[in-house]
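Have a look at the model first, then try each task before reading its solution.

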Amino acid sequence: MAITTKCIHSRFILLFLWALLILGCKDSSVVVQEPEPSNEYTPLRSVAPFPVGVALQSSRLGSALHSQLVRTVFNSVTAEYEMKMRHMTSPSGDYIWDPTDELIAFAKEYDMQVHGHALVWHQSTPSWLENFRGTDAEFEDAVKNYITNVVGRYKDDVVSWDVINEAFEDGSGALRNSVFRRRMGPDYIARLFQYARDADPDVLLFYNDYGTIWDTAKRDAMLSMVDDLQTRGVPIDGIGLQMHITYNTPPLSNIVAVMDAVVQRGLLVHISEMDVRVNPQGDLSEFTSVRSELQKQRVKDIVTAFMDLPEANQFAITWWGLRDPESWLIDFWGNPEWGLLFDAEYRPKPAYEGFLEALTGN
Ligand code: G3I
């Protein structure tokens, strides 16, 4: 019996100690120390001859380390979602300016340009527009008013806008049958660009899409749209190639061919949403040094190819996130992924070195 009592007594003490440990960990006063930023790196913005950008969420400005790294390394920001129509307006159509105003204030304070993304995107259409009950002409007026109000409000703060994002179907290159296409007709894109130009005579106007570097039908549809717009004198200044790629696809030659086609049309090239997947087959459960080196070389190759373009056509290279664990890739593809320049501890990865080596020619 004595042994049993002693056993219960010691178990109680262990349980009590364990509870203390757990409670101590949950104590909200315990401040989670953010890792010290690594300062053994050269900021990209200090050596790049073109703007280097990052997708930013306004909520992340609350992290001193996140915002410090963003403003030290980069000199361009793209709102990861706040400047899309569904987030710029409430379900009833009222404007929501604060998150964008906060991002712009941050960019201004640290001498960073702001790229606006995106005025029209079928995946971010707010309910007030998707379910618009008026006539088609009234629908178009509502879209025109939105563009006029948003571009007009930020005409001195936003240097460029993705006027429309991802307008063509994968595989066929057909115009997506979005509510904009249905209600404004097949020539709606030209009018979106014109409304944006009318709202700001100086802002740079882009068409942005993914897949144009591996999907030839989508690439050809985009380029013939550009040719048509240019023939008709519709204002367009650049093309955003999102650059959501893997460490080994698509071939670099594909990417160079599309960038050259954009340059041949006298347009700016924006690598607008870059990330480099190292685990596309889901065969990794951790970030291996082999794939890290392949990712580094891939980044170096892409940046080198971008720098081979005429300087007048180099708009910017923008990364779609700062740190690996924050990337959209993880939820979207359902695999562990390490697609960005910084690791979970805010340290630059070999991919960052690859970017620098391309910039410095080392
Ligand atoms: O965290 C906020 C929450 O605080 C807020 O209340 C809520 C309101 O809806 O939004 C939450 O944010 C979510 C955000 O991701 C952060 O997680 C948004 O709902 C969600 O829509 C947003 O998804 C973004 C997605 O575009 C749709 O806008 C992703 O971050 C962003 O990476 C992704 O980016 C797209 C490009 O715009 C276009 N190219 C493809 C790329 C990847 O899908």
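**Exercise 1.** Is Ser58 buried or exposed?

Before we start: this is a predicted model, where local features need pLDDT of at least 70, side-chain atom pairs count only at pLDDT 80 or more, and totals for chains, interfaces and linings use all residues. Residues are numbered from 1 along each chain as its sequence is written, and side-chain values use heavy atoms, with hydrogens and water left out.

Step 1: buried means under 20% relative accessible area, exposed over 50%, and partly exposed in between (1.4 Å probe, protein chains only).
Step 2: Ser58 has a relative accessible area of 11%, so Ser58 is buried.

**Exercise 2.** Work out how the rings of Tyr41 and Phe342 are arranged.

Step 1: rings of Phe, Tyr and Trp (its six-membered ring) pair if their centres lie within 6.5 Å; planes under 30 degrees apart are stacked, over 60 edge-to-face, and the rest tilted.
Step 2: the whole structure holds 15 aromatic pairs.
Step 3: for Tyr41 and Phe342, the centres are 6.2 Å apart and the planes stand at 80 degrees, so this pair is edge-to-face.

**Exercise 3.** Find which ring the charged end of Arg277 sits over.

Step 1: a charge sits over a ring if NZ of Lys or CZ of Arg is within 6 Å of the ring centre and within 35 degrees of the ring normal.
Step 2: the ring belongs to Trp333, with the charged end of Arg277 3.8 Å from its centre.
Step 3: Arg323 likewise lies over the face of Tyr346, 4.2 Å from the ring centre.
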